[in-house]
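Okay, thanks for coming, everyone. Let me put today's structure on the screen, and then I'll talk you through it.

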Amino acid sequence: MFLLSTPAGSTRPLSLSSSVIKSTALGVTIALLSACGGSDDASSTQPNLPSPPTTPDRPTVDSDWQPAGGNATIAASVAQPFLQIMPNLPSSALGGVSPGRELFITEWTPAGEGRALFDGVGPLFNANACTQCHSADGRKPVYAANGQLTDAILFRLGDKQGAAHAYYGEQLQHQSIDPSIATEGRMHYTATASQNGKPAGVTFDFTPTDSNQPLGQTAISGRISPQLVGMGLLDLIPEADIIAAADPNDSDNDGISGRVHWVDDDQQQRVGRFGWKAINISLRTQNANAMSQDMGLTTSVFMAPNCTVNQPICWTAPNGGTPEVSDSSLDAVTDFMTALAVPERRIDDLSTFNAGAKLFAQVGCASCHTPKQKTGDSARFPLLSQQTIYPYTDLLLHDMGAGLDDGVKEKNAESYEWRTPPLWGIGIVARDPQARFLHDGRASSLSDAILWHGGEAQGAKTRFSQLSTTEQQTLMAFLKGI
Ligand code: HEC
Ligand code: HEC
């Protein structure tokens, strides 16, 4: 664990431990790939596909692989690949990144405990450090024994019209800073077995601290904490590119109608891109939202505490400043998030990997999990400008069908709509037998995650299930390597 070694209130950045910035083995990886030709080795193992979709603009396979995250790529062998800082950052950029990392790993304390820079957590919150949910190893375990849940899963509350709960608001906070302040309550889960063609999953139920505040008709949407990969790169994909890939009316008739999550921002509409429903338009807003909803920290972006008007105790509890997190701290956290690296692909056998990439495109996974994107320009992090990257997402919302509809609309994303999650690094996550997938972690394996796909992804799922066992294994080998 990284413990805070600075004196209370100090602004001195922690020096980065030597494990943070590692030189990459990239040069070697690239040399290996090109030694194998790096081109289309897959044609010799042309898979026998049931009914290959014939959409003309279906993405083609790119097996002339560039580094997975452009300049932000780190070696796949790094022990804890997810909260690493990209290589070669100039020392000037570290001025923000390094204190940002400190703010990310510190355990925030309640107001008035003498740590001005790191106080103000709560009064209601889910966790007191970003690292309690976002792990350097992958995903934190969420499902414990006896229906208990860890702090690394949180719950959005709402309904199909987008109305939050009158008492609890839009997110449940299960902790409070002081025993005199009642917590909101506790979620539990029940594992459900696979039946009637439905894969194994979970359901949730809620025990309120105050029995006079039942959830009533309000629905529960569980959210596991994603691994954080190449966040700055995703932030830099031009809005125009995301918009251009949308096809809200499915005018190309491929059954896939990804749409932009248009989010109101002051007077204008912006493209939502972060979070399971793409409710946040930028990395900075996402971070401010996490501080607000998950930790009870106010920022200039979200000045009000995370309490509803029906929770007066929240408004009278001491606060750690107005706002509790200064703009310079928020910017520093955003710098750290922006500088997060992307682990390089793990390829055991290039021809299998390329054959898997081809199957991934042919069954239609790549129609949402867009393999390749290009970043725009960054004045602050020029190394991230104009990078070809492989995040496997279109950052669009898709109707994923009734199975994944948990009844909570958020901003303009319907209860059944989800943002295509980036898949880079997913194979590293999947190495952990406890790892969970999909927004609420209901899937305990990558293949169960695929089986839950419905709606616009129904066709791709069906074609996947019609592949031969060997072809499925080839596709899975690819998925584990990206
Ligand atoms: C209680 C657990 C928890 C804490 C604490 C937490 N997060 Fe998160 N984080 C999540 C969850 C869950 C999501 C997905 C939220 C959603 O879509 O509903 C998320 C999403 C994100 C994302 C977007 C990822 C993506 O792929 O779109 C970023 C960036 C992020 N968090 C940064 C932070 C930062 C910075 C902090 C600390 C200030 C933090 N988080 C604290 C649970 C947490
Ligand atoms: C119509 C768009 C679409 C298609 C086609 C599609 N996906 Fe997805 N995929 C999504 C969305 C949206 C989610 C998130 C759903 C959720 O969390 O409830 C997702 C989730 C996943 C996940 C879990 C990711 C995580 O972070 O837990 C995996 C793995 C995955 N998809 C693989 C595939 C594969 C393999 C295929 C092809 C067989 C495929 N997907 C086809 C949209 C799509």
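This is a predicted model: local features need pLDDT of at least 70, side-chain atom pairs count only at pLDDT 80 or more; totals for chains, interfaces and linings use all residues.

Let's start with ligand 1. It has 28 residues around it, and the closest are Cys-130, Cys-133, His-134, Gly-275 and Trp-276. If you want to find His-134 on the chain, look in the loop between β2 (124–125) and β3 (153–158).

Now the polar contacts of ligand 1. Gly-275 uses a polar backbone atom, 2.8 Å from an oxygen atom of the ligand. Trp-276 also comes in with a polar backbone atom, at 2.5 Å from an oxygen atom of ligand 1. With Asp-294 we're looking at the side chain: one of its polar atoms sits 3.1 Å from a nitrogen atom of ligand 1.

Over to ligand 2. Here, 28 residues surround the ligand, with Cys-365, Cys-368, His-369, His-439 and His-453 the closest. Let me take the histidines one by one. His-369 places a polar side-chain atom 2.9 Å from a nitrogen atom of ligand 2. For His-439, an N or O atom of the side chain is 2.6 Å from an oxygen atom of the ligand. And His-453 has a polar side-chain atom 2.8 Å from a nitrogen atom of ligand 2.

Okay, helices. How do α8, residues 350–362, and α12, residues 469–481, pack against each other? The angle is about 100°, and the axes are 7 Å apart. That makes the two helices, α8 and α12, roughly perpendicular. On the α8 side, the residues in contact include Phe-353, Leu-359 and Phe-360, and on the α12 side they include Leu-475, Phe-478 and Leu-479. By class, this contact has nine nonpolar residues, four polar and one charged.

Another cis bond runs from Thr-322 to Pro-323, with omega near -5°. You'll find Pro-323 in the loop between α6 (312–316) and α7 (327–338). And then Asn-88, which isn't a glycine, has a positive phi, near 65°. Asn-88 lies in the loop between β1 (73–74) and α2.

That's my tour, so over to you for questions.

Terms used: Residues are numbered from 1 along each chain as its sequence is written. Chains are lettered from A and ligands numbered from 1 in the order in which they are written. Side-chain values use heavy atoms; hydrogens and water are left out. Axes are lines fitted to C-alpha atoms, for helices over the stretch in contact, and angles run from 0 to 180 degrees between N-to-C directions. Helices (H or I, at least four residues) and strands (E, at least two) are DSSP runs, numbered from the N terminus. Angles under 35 degrees count as roughly parallel, over 145 as roughly antiparallel, 65 to 115 as roughly perpendicular and the rest as oblique. Contact means heavy atoms within 4.5 Å. Ala, Val, Leu, Ile, Met, Phe, Trp, Tyr, Cys and Pro count as nonpolar, Asp, Glu, Lys and Arg as charged, and the others, Gly among them, as polar. A residue is near a molecule or strand if one of its heavy atoms lies within 4 Å of it. A polar contact is a pair of N or O atoms within 3.5 Å; within protein, one must be able to donate a hydrogen and the other to accept it, and residues adjacent in sequence count only if both atoms are side-chain atoms.
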